[in-house]
Amino acid sequence: MDTRTAGDVAEAAVLHALTAAGLVVLTPFGRFGPYDLVVETAPGTFVRVQVKSGRIRNGCVEFNCCGTDHGRGVGSYAGRADVFAVHVHATGEQFVVPVAQARATRMYLRLTHPANNQVRGVRFARDHRLQDWVLRQCEQGRVDA
């Protein structure tokens, strides 16, 4: 699957998961904005969502957390999107990671326990499930579920 198709599949999967959870989701017109979806988490409060396609590599979900501006180089999403929603085609799972946690051009969410038992500084995929993000929004009174 080419990257554009993978991106479209990821966006459709995240849109489905968010709307199935009862959230209001807006879709910006055009393909080249800094975010793909907007989620209303409370009346008049919106979260800008940049959707990414994740791959499983070495026990981790790997995804790009920067964009290319075709000729202008690598671009950060800081200040331009609020969260990454990552769809993993191989498993059908989605994860949500705040853009503020992105410190490099690529991020990893660990699916398995590290062989060296290190847990400090490790981002576990289980802590970033989309369903859990939606529940946290509900608990904070931001979403009626």
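What is the volume of the largest pocket? The answer is about 1,400 Å³. This is a predicted model, in which local features need pLDDT of at least 70, side-chain atom pairs count only at pLDDT 80 or more, and totals for chains, interfaces and linings use all residues. Residues are numbered from 1 along each chain as its sequence is written, and side-chain values use heavy atoms, with hydrogens and water left out.

A pocket here is an open set of points on a 1 Å grid over the protein atoms alone, where a 1.4 Å probe fits, with protein on both sides within 12 Å along at least five of seven lines; its lining residues have an atom within 4 Å of a point. The volume is the space filled by probe spheres set on the points, which are joined across faces, edges and corners. In this structure, 41 residues line the largest pocket, and Gly7, Gln50, Val51, Lys52 and Tyr77 lie nearest its centre.

Let us turn to the salt bridges. Each is a side-chain nitrogen of Lys or Arg within 4 Å of a carboxyl oxygen of Asp or Glu. The whole structure holds four salt bridges, including these:

| Pair | N to O distance |
|---|---|
| Arginine 48 and aspartate 82 | 3.0 Å |
| Glutamate 62 and arginine 57 | 2.5 Å |
| Glutamate 62 and arginine 106 | 3.8 Å |

Glutamate 62 is buried at 5% relative accessible area, where buried means under 20%, exposed over 50% and partly exposed in between (1.4 Å probe, protein chains only). Arg55, Arg57, Glu62 and Arg106 are linked in a network of salt bridges.
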